[in-house]
Amino acid sequence: MQVATHAPTVKKISPMLAVADMDETLAFYHDVLGFTAILKSPEYSIVERDGQTVHFMKAASEEVLRCVRGHTEIYVEVSGIRSLWDHVKGFKGRHRIRELFDRDYGMTEFHIEDPNGCLVFVGEPTADLAP
């Protein structure tokens, strides 16, 4: 008798990012992007928004941070990007930001750099945006 097997299902993918200062990082993801800390410690923390999570690990050394700064990116697809942009653009003087723009691959995006040099792409399918 053969037992029916089911293909595994991916339930969620959560980036794990090295950070220099956990409190500064958690404040950025909360204040700027609206995430809530669901686990918080000096060495490892997790933030969540709408069922999606980002994990943060205290970097082992400054050398680790030098290697990842400018070489780490995450993409966050959202609905309601214009409303989020209206909030985020208020942080222009404090963070490196690329303003809302349309991509040739059908997304409307803005980009913002977190305190650890990770570039956060935030996008919504352009076709989903109301005129």
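Visitor: Which residues have the most contacts inside the largest nonpolar core?

Guide: The model is a predicted one, in which local features need pLDDT of at least 70, side-chain atom pairs count only at pLDDT 80 or more, and totals for chains, interfaces and linings use all residues. Residues are numbered from 1 along each chain as its sequence is written, and side-chain values use heavy atoms, without hydrogens and water. A nonpolar core is a set of buried Ala, Val, Leu, Ile, Met, Phe, Trp, Tyr and Cys residues joined through side-chain atoms within 4.5 Å, where buried means under 20% relative accessible area, exposed over 50% and partly exposed in between (1.4 Å probe, protein chains only). The largest such core has 25 residues, and those with the most contacts inside it are Tyr29, Leu33, Phe56, Val88 and Phe110.

Visitor: Which helices and strands each supply at least two residues of this core?

Guide: Helices (H or I, at least four residues) and strands (E, at least two) are DSSP runs, numbered from the N terminus. The elements that each supply at least two core residues are helix 1 (22-31), helix 3 (81-88), strand 1 (16-19), strand 4 (52-58), strand 7 (107-113) and strand 8 (119-125).

Visitor: Which residues of helix 1 are buried?

Guide: Helix 1 lies across strand 1, strand 3 and strand 4. Among the elements covering its buried residues are strand 5 (73-77), strand 7 and strand 8. The buried residues of helix 1 are Met22, Thr25, Leu26, Phe28 and Tyr29; they share one side of helix 1, because their arc around the axis is only 160 degrees.

Visitor: What is in contact with Thr25?

Guide: Thr25 has its place in helix 1 and counts as buried because its relative accessibility is 0%. Apart from neighbours within four places in sequence, Thr25 is in contact with Val19, Phe56, Pro115 and Asn116.

Visitor: What is the strand order of the open sheet of 4 strands?

Guide: Two strands pair if DSSP finds at least two bridges between them. Strand 2 (36-39) and strand 1 are the edge strands, each pairing on one side only. Strand 2 and strand 3 (residues 44-49) pair in the antiparallel sense over 3 bridges, with Thr36 opposite Glu48. The sheet has mixed pairing and the order 1-4-3-2.

Visitor: With which side chains does Glu109 form polar contacts?

Guide: Glu109 is found in strand 7 and counts as buried because its relative accessible area is 0%. A polar contact is a pair of N or O atoms within 3.5 Å; within protein, one must be able to donate a hydrogen and the other to accept it, and residues adjacent in sequence count only if both atoms are side-chain atoms. The side chain of Glu109 forms a polar contact of 2.9 Å with that of His111 and one of 2.7 Å with that of Tyr105.

Methods
Contact = heavy atoms within 4.5 Å. Axes fitted to C-alpha atoms, helices over the stretch in contact; angles between N-to-C directions. Arc of directions from axis to C-beta.
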